[in-house]
Amino acid sequence: MSYTVRKFDAVIVGAGGAGLRAAIQLSEAGLKTAVLSKVFPTRSHTVAAQGGVAASLGNSEEDHWHWHMYDTVKGSDWLGDQDAIEFMCRKANEVVVELEHYGMPFDRLDNGKIYQRPFGGHMSNFGEKPVRRSCAAADRTGHAMLHAMYQRNVKANTQFFVEWQALDLIRDEEGDVQGVTAMDMETGDVVAFHARATLFATGGAGRIFHSSTNAFINTGDGLGMAARAGIPLEDMEFWQFHPTGVAGAGVLITEGVRGEGGILRNSAGERFMERYAPNAKDLASRDVVSRAMVTEINEGRGCGHNKDYVLLDITHLDPGTIMKRLPGIREIGLQFAGVDCIKEPLPVVPTCHYQMGGIPTNYHGQVVVHDQVINGFYAAGECACASVHGANRLGTNSLLDLLVFGKSAGETAVADLQQGRAHKPLHTASIDKTLARLDRLNTQKGGANVHEARLAMQRTMQKHAGVFRFDNLLKEGVAEILKVSEDVARTEIKDKSQVFNTARVEALELDNLIEVATATMISAEARKESRGAHVRDDAHDTAETPNGRDDKNWLKHTLWYREGNRLEYKPVQMKPLSVETIELKKRAY
Amino acid sequence: MNAAAESAIDPRLGRLRWHCRRALLELDLVFQRFWDKVGDDLDIETADALERLLALEDHDLWYLVSGREETDDPQLQPLLYRLRQL
Ligand SMILES: Cc1cc2nc3c(=O)[nH]c(=O)nc-3n(C[C@H](O)[C@H](O)[C@H](O)COP(=O)(O)OP(=O)(O)OC[C@H]3O[C@@H](n4cnc5c(N)ncnc54)[C@H](O)[C@@H]3O)c2cc1C
């Protein structure tokens, strides 16, 4: 198999929010920049984001970046790095206003300023009361964001490679990154993109779980590529679950449904949240509701043939209210549960929603391993771990993350290139590895079926590393996932054609998913505490370990290395850039 | 499907399949059901209609597929009807 080489100053993999924001920085600095994407840029998963982007603009009431910072540190259950969190919250206004200048049609107040709405976990005055901090563009925030930034890139002459799948990092013996190998889906041709700067913005990997709110495209390709090139993945045990995904489909049912009076019920019809959260009931925070639901199911009070979901009931609401206040919910119920929610309750389960971990970076967007910068390699967005979300992300903070760290990774790359970093001689041995991987897939006989292997992985993750984690299940899960990974190493595709061979694309995606799944299971098994989204039943709430969080032993980031499934740890950065440390406290709302 | 149709459709199939990868899970799921049902057996009219639908933005497409909005375009109606029944 052969390949050709193309030279650029910078190559960005990913054209979602993070990739597009970074590309603006590089192209506008006059650097020759290639952006690769599996799909047309404005079909990236960022489109799905509706809630908005956080910034303490204070347009409707007083707000301050320091309050936002406090909320983010607390939300992260103190696993977030306080330097990066301060950086993000201080930069929020700047990047949102910039986006406005790029043409983003934000909702507005009568006085013309950006309209802001409240969102879970965002408070004023260091946790006192909810504050209006989220900026949105109707129910199409992510979509409008991508459009504005795509247009800006077109003007700046960014060169897009649409329907190209990046396959592997090109990394030399000194550990420097020189670009990526990629396949043109239309022809099956392989090209080595030889670059002075390589930036990953490949999004999340929510498809490792069986039940996920993520679109099929979220296969963690950037994480798989980094892991294969010897770069560790950080904090992969932390995944946010949304309480209400449609059972069997995953489609998200917004929190607004419970906000309008929706009630969760078990098989006996009982409003079980009254037992778990007597005050907030169905409106308790995401993790509390998710855990209550899983407890009901585990104790045999789930609904349906397999007793594996609970019900979200809005039949007591006025149909007019449902249609007016909760548009789209009825269609989702009809399409994916075969249920008309005006007459019957909806089957729901806690569903994987967001990946907090990723490729380790600093707040400049450089990829770092134990403070050591990997030359030529940058990452931003959901694939990266700066770490601002720590053990749990606040809603609307990830669109902010894309903008702030997309921009800062781009700026750092520009500065590094302007200092004169040259193309190093192309490390062809890395490229040979990619070719061997493709060759293996093309010639495999009697191998494993891609669809079946993926399903086995997803079921294993769901059962062994779901919302609520148990020591024995995690231990079994490690063995199971390693077994699945053996199958993934010998997948076989029947269709060997070159043109838009979706079977090949999916097999290559599975190579990445399995790295993320393995990292998750191994990191989760090892962390013997509860923190944020990682909740173990054997971690107890005591004075020294509030909510099961063990700061004495576990206030540290996990680093998983693919080679030998080795784990290392690194300290959490507790020192912000300019303000005082936000001291450890029990996380309670 | 006859031979003539096959040669006309075949090169498009892979591309159409890939273009069904969307930003919204809702659409991914509907199109997954669609392909599970039709396999490689797609007539030219359906392929043409599908191509036009797939050129829409994701939210607009979902509004049509879910029935929240209607179209009076006679070329798209039969396919939309099928997608809604899946
Ligand atoms: C239903 C839903 C609602 C959400 N709502 C909100 C919200 O209201 N507010 C908020 O802050 N967050 C929200 N989030 C989270 C947020 O949308 C995501 O974290 C964010 O959009 C990720 O952006 P990204 O730029 O990192 O990646 P993405 O937008 O996922 O883009 C990834 C890009 O990488 C490309 N790519 C991937 N692999 C390859 C490869 N191998 N080769 C070439 N290209 C590749 C893809 O084509 C794509 O262009 C929501 C998430 C979901 C699932």
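**Around the ligand**

Modeller: One oxygen atom of the ligand lies 3.4 Å from a polar backbone atom of Gly16(A), a polar contact being a pair of N or O atoms within 3.5 Å, where within protein one must be able to donate a hydrogen and the other to accept it, and residues adjacent in sequence count only if both atoms are side-chain atoms. This is a predicted model, in which local features need pLDDT of at least 70 and side-chain atom pairs count only at pLDDT 80 or more, while totals for chains, interfaces and linings use all residues. Residues are numbered from 1 along each chain as its sequence is written, chains are lettered from A and ligands numbered from 1 in the order in which they are written, and side-chain values use heavy atoms, with hydrogens and water left out.

Side chains take part as well: an N or O atom in the side chain of Glu382(A) is 2.5 Å from an oxygen atom of the ligand, and a polar side-chain atom of Ser398(A) is 2.7 Å from a ligand nitrogen atom. The protein covers 95% of the 1,000 Å² of accessible area that the ligand has on its own, as given by the Shrake-Rupley method with a 1.4 Å probe, where for residues only the protein chains shown count as cover.

Around the ligand stand 38 residues, each with a heavy atom within 4 Å of it, and among those that come nearest are Ser44(A), Thr46(A) and Gly51(A). Helix H11 (397–418) of chain A, a DSSP run of H or I with at least four residues, numbered from the N terminus, gives the largest share of this shell, 4 residues.

Notes: Helices (H or I, at least four residues) and strands (E, at least two) are DSSP runs, numbered from the N terminus.
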